[in-house]
Amino acid sequence: MEEIVTLLIPALLAVVLIRALLMPMRLIFKIGLHSACGFLCLWLLNAVSLFTGIFFPINLVTVLIAGCLGLPGIGLMALLAILG
């Protein structure tokens with residue numbers, strides 16, 4: 001019984017440590033994936049900007065806004081472009 005407990009404690013500590021290290025990587029991957037989708041949406045909108053008349057500069061701020069807020073974020077940037 002003591003042998004099982006001696007092997008179980010380091011194994012549990014290893015699992016907790018691995019999970020703690022992977023959580024920030026998941027967050028970074030999720031932000032990267034959302035930013036890539038935001039970049040794609042902005043690029044597509046700029047491709048049809050001849051018809052709409054609204055051009056979005058593609059930089060870190062606009063990509064993160066489009067990636068994090070999604071369609072409402074793009075709508076907000078369009079409203080700011082029309083008003084400004």
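Which residues in α3 meet which residues in α4? Before making that selection, note that this is a predicted model, in which local features need pLDDT of at least 70, side-chain atom pairs count only at pLDDT 80 or more, and totals for chains, interfaces and linings use all residues. Residues are numbered from 1 along each chain as its sequence is written, and side-chain values use heavy atoms, with hydrogens and water left out.

**Stop 1: the contact of α3 with α4**

Select T62, I65, A66 and L69 in α3 together with L71, P72, G73, I74 and M77 in α4, since these are the residues that meet, where contact means heavy atoms within 4.5 Å. Helices here are DSSP runs (H or I, at least four residues), numbered from the N terminus. The residues of this contact divide into seven nonpolar, two polar and no charged; Ala, Val, Leu, Ile, Met, Phe, Trp, Tyr, Cys and Pro count as nonpolar, Asp, Glu, Lys and Arg as charged, and the others, Gly among them, as polar.

Two packed helices are described by the angle between their axes and the distance between the axes. Helix α3 covers residues 60–69, and its axis comes within 5 Å of that of α4, the two crossing at roughly 135°. That makes α3 oblique to α4, given that angles under 35 degrees count as roughly parallel, over 145 as roughly antiparallel, 65 to 115 as roughly perpendicular and the rest as oblique. The axes are lines fitted to C-alpha atoms, for helices over the stretch in contact, and the angles run from 0 to 180 degrees between N-to-C directions.

**Stop 2: the two sides of α3**

Now colour T62, V63, A66 and G67, the buried residues of α3, where buried means under 20% relative accessible area, exposed over 50% and partly exposed in between (1.4 Å probe, protein chains only). They cover an arc of only 125° around the axis, which puts them on the same side of α3; the arc is that of the directions from the helix axis to the C-beta atoms. On the other side of α3, look for L60, V61 and C68, which are exposed. Just after α3, select G70, which takes a positive phi of about 75°.

**Stop 3: along α4**

Helix α4 runs over residues 71–83, and its 13 residues should span 18 Å at 1.5 Å a residue, which agrees with the 18 Å between its end C-alpha atoms; the expected span is 1.5 Å times one less than the number of residues. The buried residues of α4 are G73, I74, M77 and A78. They cover an arc of only 140° around the axis, which puts them on the same side of α4. The face turned away from that buried side carries the exposed residues L71, P72, L80, I82 and L83.

Stay on A78, which is buried with a relative accessible area of 15%. Leaving aside residues up to four places away in sequence, A78 touches I54 and F56, while A78 and F55, 23 residues apart in sequence, are 8.6 Å apart in space, C-alpha to C-alpha.

**Stop 4**

Finish at L22 in α1, which counts as partly exposed at 41% relative accessibility. The C-alpha atoms of L22 and P72, 50 residues apart along the chain, are separated by 30 Å.
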